[in-house]
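Subject: Handing over a structure, with notes

Dear colleague,

Please find below the structure I said I would pass on to you. Have a look at the sequence and the coordinates, and then read the notes that come after them.

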Amino acid sequence: MKASKLQGVYEEGRSLYTQNLAPGIRVYDEALVTVKGIEYREWNPTKSKLAAALVKGMPQMGIKPGSIVLYLGASTGTTVSHVSDIVGKEGIVFALDFAPRVVRDLVFVAEQRGNIAPILGDAAQPKTYAHRICAVDVVYQDVAQKDQAGIFIKNCREFLMPGGFGLLAIKARSVDIAKKPKQIFREVRDQLAKEFTVVDYRELDPLEKDHCLFLCKNR
Amino acid sequence: MKYQYSSIIGDVVFDNQFHVVEQGHNLFKKYPNLQEPDEHHKVKIQMAMRDKKFFAAFVKDNIAQTKQDVKRSVIPDNHIVHAVNLLEELDTLINTIVKRLREWYELWNPEFSKSIQSHEKFCELIAIKKNEDLLKEINIDRKHSMGAEISPKDQDAILQLARRCRDLYTLRSSTQSYAESLLQENYPNLCTVAGSAIAGKLLGHAGTGRRLVMMPASTIQLLGAEKALFRHMRNKRSPPPKYGLLFQHPFVQSARKSEQGKHARALADKLSMAVKIDYFKGVYCGDRLKKELEEKFNK
Ligand SMILES: C[S@@+](CC[C@H](N)C(=O)[O-])C[C@H]1O[C@@H](n2cnc3c(N)ncnc32)[C@H](O)[C@@H]1O
C-alpha cells in the first residue's frame, strides 16, 4: 500500500483505497485491507464516480485532509464515506439528499464516523439548508436531475469559498435522453465556463456509461 | 452594532466585522438591539461558521434534525407502495411454490390435483382434508390411483408446504384489502377512475402521490412503458409506445385497436385530474370524471 499523488488516497496495484475512519466497519460491500496495523477500504470505481474519474486520470479533486465539503446527492453514502475518510477528523462533510429512504441509511453511516453531517433536503433550494452548514472548500454534486448544472452553480454561488473547487457529475440521460452525451457534456462545459475555471473533465465510460465529471475552480 | 444568526447549532451573535461574539442557546435576549443580517452579510456569516470548533456540533445537530425529518417523512403513500409491491412479489412467490407443491403432491395423488384447477382451492383442500376423503370426493379407488404409497414423513413434508401456501393466499388477500382501503381513504377519485389495482400500480411506479401529481398526463399515459419509450427516443424508427400499465384498464381494453392510443390519452388526462383532486383534498367527484370519460367516446 502506498500513498498516491492525492493526499488521503492510497494505491495498491490498480486499486484505490482510503484509510478507514471507522475501522472494522464496511459501508457497502467494499474490501477492507489492513497493512501495518492501518485499515484501508477499497474504493470501487464502478460504484463511485469520483473514484472512476481518478482512475480515468483526473489529476486532482480539491478534497484533502481537513477539507470542508458539501456533498449534494449523497444517497446511502457510498462515495460520501470515502470523502469522509479523506477529509478525516479535521474535516467535515455536509451530505445532502432529498430521498428519505436513502437518508435513513446515510444517518447510520454518519453516526459511525463523526465527520458527516447528514441533511434531508432539496439541492435545488439552497436557502432551506443554509443555516445547517457553513461556507465550504469543495462542492461535490451527483444528483442525476434535469437541471444539474443550474443547481450546482446556485450552490457554489451560495456556499463555495473563493478559490474553492467544484466537482460536478453529469448523467447525460437525465438531461436529455434524445441528445448525444458528447453534446450535452459540451453544453454543460460552456455553462460552467461562464462561472468558473473548468480545470478538468473526464468521461467515465466504461466505468459509468454516459457520465462525466467536471472539476472547476471558483474565481 | 451586533447581529443575530440562528444556526442549527444554536444562536450566534456577530460583531459588525462578523466575528463570532458568542454562540450558544437562547442567546439573543442577553443582547439588546440585535440586527437581522441582510443577504450580503450572509456570505461573511457562512465564512465565520467555518470554525473547527463548530464541527462537532454541526455533525451532532444535523444528525438529530435529520432523524426527526426522516421520522416525519413517512406518509400513507409509503405503506400503499409497499403493500402494492408486496402483492406483486407474493404473486410470483406463490406461483413458484404452488407449482412445486403440485408436482410433489402428484407423486402421491395425481388424480385429485388434476381434478381441481384453482391453485388456491387446491392448497386449501389438501391442507385440511384427509387424503382418503379427497379420493372419495372424486370417486377414485386408491388401488386404481397412479399415486404412490408414500411414508407419513413424506406426506407430512408435502402438507407442511401446502399449509404455508394456504397461509400465503391468506396474506395475499389481507394485503389486498389493506391496500385497497388505504387507496380508498387517500385516493378516492383516482380509485374510481382507475380501479384500485391500477391506482395502486400508478402510485407504485411514481413512488408517491406527490410525484404522480407533478407528472404531466402524457407521462402518466406511459408509466410502465419506459423501456419502449427509451428505445423510441434513442432510435426514432422504433415506434413510440401508446400506453403502459393503462393498457390493463377496461376503457382501453374495450376500445378498438386503432383507438386504444386515443383512449389511453383521454384516460391519462382524467387520472391526472383525479389524483390532483385527491392530493389537494378536493371534494369527491370520481363518478362524474368516470362518466365524462365514457361519454366522450360514446358519441
Ligand atoms: C446517482 S445518486 C448519487 C450516488 C452517490 N453520489 C454515490 O456515488 O454514492 C443520485 C442521488 O441524488 C439524489 N437527488 C436527486 N435530486 C436531488 C435534489 N434535488 N436534492 C437532493 N438530492 C437529490 C437522489 O435521491 C439520489 O440519491
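The notes below take up the interface between the chains, then the ligand, and then some points of backbone geometry. Please keep in mind throughout that this is a predicted model.

To begin with the interface, 24 residues of chain B are in contact with 36 residues of chain A, and the two chains bury about 2,500 Å² between them, with 63% of that area on carbon and sulfur atoms. Of the area that chain B buries against chain A, 24% is supplied by B:Gln46, B:Arg50 and B:Arg234, which is more than any other three residues supply.

The elements of chain B that give two or more residues to the side touching chain A are strand 1 (2-7), helix 1 (39-48), helix 2 (55-72) and helix 12 (226-234), and helix 2 gives the most, with ten residues. Sorted by class, that side of chain B has eleven nonpolar, seven polar and six charged residues.

The structure holds 32 of them over all chains, and the rule finds four across the interface of chain B and chain A. Which residue of chain B meets the side chain of A:Lys127 in a salt bridge? The partner is B:Glu39, at 4.0 Å from N to O, so that distance sits at the 4 Å cut-off of the rule. The pair crosses between chains, from A:Lys127 in the loop between strand 8 (116-120) and strand 9 (136-141) of chain A to B:Glu39 in helix 1 of chain B.

Turning to the ligand, there are 16 residues around it, and those that come nearest are A:Tyr71, A:Thr79, A:Asp97, A:Asp122 and A:Ala123. A polar side-chain atom of A:Thr79 lies 2.6 Å from an oxygen atom of the ligand, while a polar backbone atom of A:Gly73 is 3.2 Å from a ligand nitrogen atom, and a backbone N or O atom of A:Phe98 lies 3.2 Å from a nitrogen atom of the ligand. Taken alone, the ligand exposes 600 Å², of which the protein buries 85%.

The peptide bond from A:Asp205 to A:Pro206 is cis, with omega near -5°, and A:Pro206 is placed in the loop between strand 11 (197-203) and strand 12 (211-217) of chain A. A:Lys36, although not a glycine, has a positive phi of about 50°, and this residue lies in the loop between strand 4 (32-35) and strand 5 (38-43) of chain A.

With best wishes

Definitions and conventions. Residues numbered from 1 in each chain as written. Chains lettered and ligands numbered in written order. Predicted model: local features only at pLDDT ≥ 70, side-chain atom pairs only at ≥ 80, totals over all residues. Heavy atoms only, no water. Contact = heavy atoms within 4.5 Å. Buried area = accessible area lost by both parts, 1.4 Å probe. Helix = DSSP H or I, 4+ residues; strand = E, 2+ residues; numbered from the N terminus. Nonpolar A, V, L, I, M, F, W, Y, C, P; charged D, E, K, R; others polar. Near = heavy atom within 4 Å. Polar contact = N/O pair within 3.5 Å; in protein donor to acceptor, adjacent residues only side chain to side chain. Areas by Shrake-Rupley, 256 points an atom, 1.4 Å probe, with all protein chains shown as cover.
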